[in-house]
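Here's a quick tour of a protein chain for someone just starting out. Have a look at the sequence and the 3D picture, then read on.

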Amino acid sequence: MAAPDPASPVHFHLRPESYRQFRFAQLLLALDAAESLGRSLDLEKVAAVDFLAANPFLVFDPESDRGEELQLLGFGMHSVSYASPGQRFASRRGRISTDLAFLVATALADVRIVDGFRTISITPEGKRAAGELVSVYADAYRQSATLIVKEVAKLTPQGLYKKLEQWLQADPILFDLVDTNLAGELVTESFPLWMETNE
């Protein structure tokens with residue numbers, strides 16, 4: 001499937017995450033934030049951080065000190081209220097293993113075993129690439145991702161499941177968790193997929 005044409009009236013409501021390059025950049029920033037905090041993330045936690053860092057008011061009260069800090073960074077409530085966050089998360093999560101597979105295949109990320117779980121980490125080359133992402137949004141996303149990693153990384157798989165149900169206010173069937181022990185296999189076995197799709 002070819003990338004949508006932004007000039008086409010059919011795609012008037014096109015979102016940035018429709019483009020692979022945008023999704024890859026967000027993932028690098030999320031992985032860089034985790035690495036900076038000394039945290040390891042499995043596939044499910046990467047998916048959660050990737051989405052929630054772009055929509056931090058699903059996690060933080062906008063009236064709190066942290067919420068005010070995020071508003072000063074440019075985050076607004078419109079990104080939360082205009083569509084079902086549960087459905088949007090499920091859609092993004094459906095692409096996450098293929099996107100991560102691309103980063104691993106291009107040596108921007110790698111898969112490691114940490115405490116018996118397969119985790120995804122940024123590589124030195126990926127960290128350099130993340131450092132070259134300079135924009136108002138990239139800086140805001142970095143800081144949001146740092147806050148979200150602190151919330152997500154400490155959770156058990158079951159704890160993450162419960163928190164997602166709360167944060168997304170959605171039927172958990174939309175984001176039924178993949179076994180974390182299979183996460184690395186999903187990533188490594190997805191290599192041929194990124195070469196066959198333009199999603």
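## The big picture

Among the contacts in this chain with a separation of 6 or more, 68% are between residues 24 or more positions apart; contact here means heavy atoms within 4.5 Å. What you're looking at is a predicted model, where local features need pLDDT of at least 70 and side-chain atom pairs count only at pLDDT 80 or more, while totals for chains, interfaces and linings use all residues. Residues are numbered from 1 along each chain as its sequence is written, and side-chain values use heavy atoms, with hydrogens and water left out.

**The parts list**

- The chain has 10 helices and 2 strands, taken as DSSP runs (helices: H or I, at least four residues; strands: E, at least two) and numbered from the N terminus.
- Starting at the N terminus, the order of elements is α-α-α-α-α-β-β-α-α-α-α-α.
- Of the 199 residues in the chain, 48% are buried (buried is under 20% relative accessible area, exposed is over 50%, and partly exposed is in between, using a 1.4 Å probe and protein chains only).

**The nonpolar core**

- In soluble globular proteins, nonpolar side chains tend to be buried together.
- The largest nonpolar core here has 52 residues, and Leu52, Leu100 and Leu103 touch the most other members (such a core is a set of buried Ala, Val, Leu, Ile, Met, Phe, Trp, Tyr and Cys residues joined through side-chain atoms within 4.5 Å).
- Two or more residues of this core come from each of H1, helix H2 (43–54), helix H5 (85–105), strand S2 (117–122), H6, helix H7 (136–152) and helix H8 (157–168).
- The top contributor is H2, with 9 residues.
- Which residues does Leu52 touch, not counting residues up to four places away in sequence? They are Leu58, Val59, Ser144, Ile148, Val152, Leu164, Trp167 and Leu168.

**How helices pack**

- Two packed helices are described by the angle between their axes and the distance between the axes.
- Helix H1 (residues 20–36) and helix H6 (residues 124–131) have axes that come within 9 Å and cross at roughly 115° (axes are lines fitted to C-alpha atoms, for helices over the stretch in contact, and angles run from 0 to 180 degrees between N-to-C directions).
- That's why H1 and H6 are roughly perpendicular to each other (angles under 35 degrees count as roughly parallel, over 145 as roughly antiparallel, 65 to 115 as roughly perpendicular and the rest as oblique).
- On the H1 side, Leu28, Leu29, Asp32, Glu35 and Ser36 meet Gly126, Lys127, Ala129 and Ala130 of H6.
- Sort the residues of this H1 and H6 contact and you get 4 nonpolar, 2 polar and 3 charged (Ala, Val, Leu, Ile, Met, Phe, Trp, Tyr, Cys and Pro count as nonpolar, Asp, Glu, Lys and Arg as charged, and the others, Gly among them, as polar).
- H1 also packs with H5, at an angle of about 80° and with the axes 10 Å apart, so H1 and H5 are roughly perpendicular to each other.
- The contact of H1 with H5 has 8 nonpolar residues, no polar ones and 4 charged ones.
- Helix H3 (residues 65–72) and H7 pack at about 150°, with axes 10 Å apart, which makes H3 roughly antiparallel to H7.
- Arg66, Glu69 and Leu70 of H3 make this contact with Gln143, Ser144, Leu147 and Glu151 of H7.

**The loop between H5 and S1**

- Is Leu108 buried or exposed? Leu108 sits in the loop between H5 and strand S1 (109–114), and it counts as buried because its relative accessibility is 14%.
- Leu108 and Leu28 are 80 residues apart along the chain, with their C-alpha atoms separated by 7.9 Å.
- Not counting residues up to four places away in sequence, Leu108 touches Leu28, Leu103, Ile122, Thr123, Glu125, Gly126 and Ala129.
- Ala107 is in the loop between H5 and S1 too, and it is partly exposed, with a relative accessible area of 44%.
- Most residues other than glycine have a negative phi.
- Ala107 has a positive phi of about 65°, although it is not a glycine.

- Val104, in helix H5, is buried at 17% relative accessible area.
- Gln166, in helix H8, is partly exposed at 48%.
- Gln166 and Leu58 are 108 residues apart in sequence and 9.0 Å apart in space, C-alpha to C-alpha.
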